[in-house]
Amino acid sequence: MAHRILHLSDTHVSRTGPDEDGVDGLAALRGLLYDVRRVPDLDLVVVSGDVADDGSEAGCRAVRSVVGQFAAERSIPHVYCTGNHDRRDGFAAALGSGHLAADGSPLGRAADIDGVIAAVSDVAGLRVITLDSLVPGETYGVLGQAQLDWLAAELASPAPAGSIVVLHHPPMSMDAIPYLKSVVLQDPEELGRALAGTDVQAVLCGHLHHQLAGQLSTKPVWVTPGVITRIDLTAPSTLVRGVLGAGATVVDLGGPFGPIFHTVHARDPQAGTEVYVYDPVTGDDITED
């Protein structure tokens with residue numbers, strides 16, 4: 001059973017318009033979806049967190065409206081999870097559990113866990129699980145034992161087309177970029193134990209604003225590039241340089257070579273234009289030599 005997913009992340013839309021760096025996330029999202037309008041045979045749209053830059057209900061509703069229209073035109077569901085910029089109250093008011101059918105109605109089943117927004121739904125035999133790694137006021141992510149136990153219970157029996165797990169914070173980092181360890185999912189090996197031996201085909205994440213692939217307990221982990229900005233890894237490893245250029249991923253599951261991750265970019269004439277450079281340790285803005 002093959003499935004094709006459009007994986008978005010880090011839309012960072014706020015109720016007041018452009019973000020603190022002056023970038024219009026809603027315009028970036030609309031431009032990206034326009035440019036991917038001819039991608040065929042999509043079964044699902046996933047938005048893996050940082051839906052609203054300011055955590056607002058209005059920001060989440062704006063993203064839901066744009067992504068929801070794209071999904072409705074294709075008669076496919078759209079699924080969201082929380083990120084570190086989101087607030088659970090605003091997210092829940094606009095998106096419920098985060099699992100929505102093509103017509104916008106609630107889809108699937110929410111986890112019965114206090115204080116987090118996690119859920120599971122079925123998309124033509126594919127089990128779609130969203131987790132909540134949000135730690136209010138922090139950049140890094142944590143899942144907690146209750147979510148991990150719930151995830152293990154959900155994965156205890158296989159789904160007809162296998163499963164995907166969606167969360168904001170990647171459960172991996174790179175030694176070549178030292179600051180990553182402090183901003184990704186903490187204690188990723190705990191998630192790895194819950195995934196080991198299950199039917200999970202891929203773990204889909206965001207947060208880093210650049211594409212990254214790895215493994216956790218032999219499960220493919222994919223980080224999709226950001227919609228609002230892209231992190232330019234040609235910068236010194238001690239700095240974070242953000243540039244314009246919305247991106248997304250087409251994920252193909254099933255088939256002899258799956259999962260396949262195909263990055264797509266908006267055709268933005270300003271792509272690559274520098275937006276910010278800062279020191280990730282101090283948070284100070286930096287002017288590069």
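The model is predicted.

- The largest pocket has a volume of about 720 Å³. Its lining comprises 27 residues, of which H85, T139, V240, Y276 and Y278 are the closest to the centre.
- By residue class, the lining of the largest pocket consists of 10 nonpolar, 10 polar and seven charged residues.
- Nine nonpolar, four polar and five charged residues make up the lining of the second largest pocket.

**Helix α1**
- Helix α1 spans residues 25-35, and its buried residues are G25, L26, A28, L29, L32 and L33. These residues lie on the same side of α1 because they cover an arc of only 160° around the axis.
- The packing partners of the buried residues of α1 are β1 (3-8), α2 (57-74), β14 (247-253) and β15 (260-265).
- The N-terminal end of α1 is capped by D24, which has a side-chain oxygen 3.1 Å from the backbone nitrogen of L26.

**Surroundings of S173**
- S173 has a relative accessible area of 30%, so it is classed as partly exposed.
- Apart from its neighbours within four places in sequence, S173 is in contact with L180, K181 and V184.
- S173 and L212 are 39 residues apart along the chain, and their C-alpha atoms are separated by 9.2 Å.

**Backbone features**
- Most residues other than glycine have a negative phi, and most peptide bonds are trans.
- G258 and P259 are joined by a cis peptide bond, with omega about 0°. P259 is located in the loop between β14 and β15.
- D10 has a positive phi, near 55°, although it is not a glycine. This residue belongs to the loop between β1 and α1. D10 counts as buried because its relative accessible area is 0%.
- H207, likewise a residue other than glycine, has a positive phi near 80°. H207 sits in the loop between β9 (200-205) and β10 (212-216). Its relative accessible area is 11%, and H207 is therefore buried.

Definitions and conventions
Residues numbered from 1 in each chain as written. Predicted model: local features only at pLDDT ≥ 70, side-chain atom pairs only at ≥ 80, totals over all residues. Heavy atoms only, no water. 1 Å grid on protein atoms, 1.4 Å probe; cavity = no way out; pocket = protein on both sides within 12 Å on 5 of 7 lines; lining within 4 Å. Points joined across faces, edges and corners; volume = space filled by probe spheres on them. Nonpolar A, V, L, I, M, F, W, Y, C, P; charged D, E, K, R; others polar. Buried < 20%, exposed > 50% of the residue type's maximum accessible area, 1.4 Å probe, protein only. Helix = DSSP H or I, 4+ residues; strand = E, 2+ residues; numbered from the N terminus. Arc of directions from axis to C-beta. Contact = heavy atoms within 4.5 Å. Polar contact = N/O pair within 3.5 Å; in protein donor to acceptor, adjacent residues only side chain to side chain.
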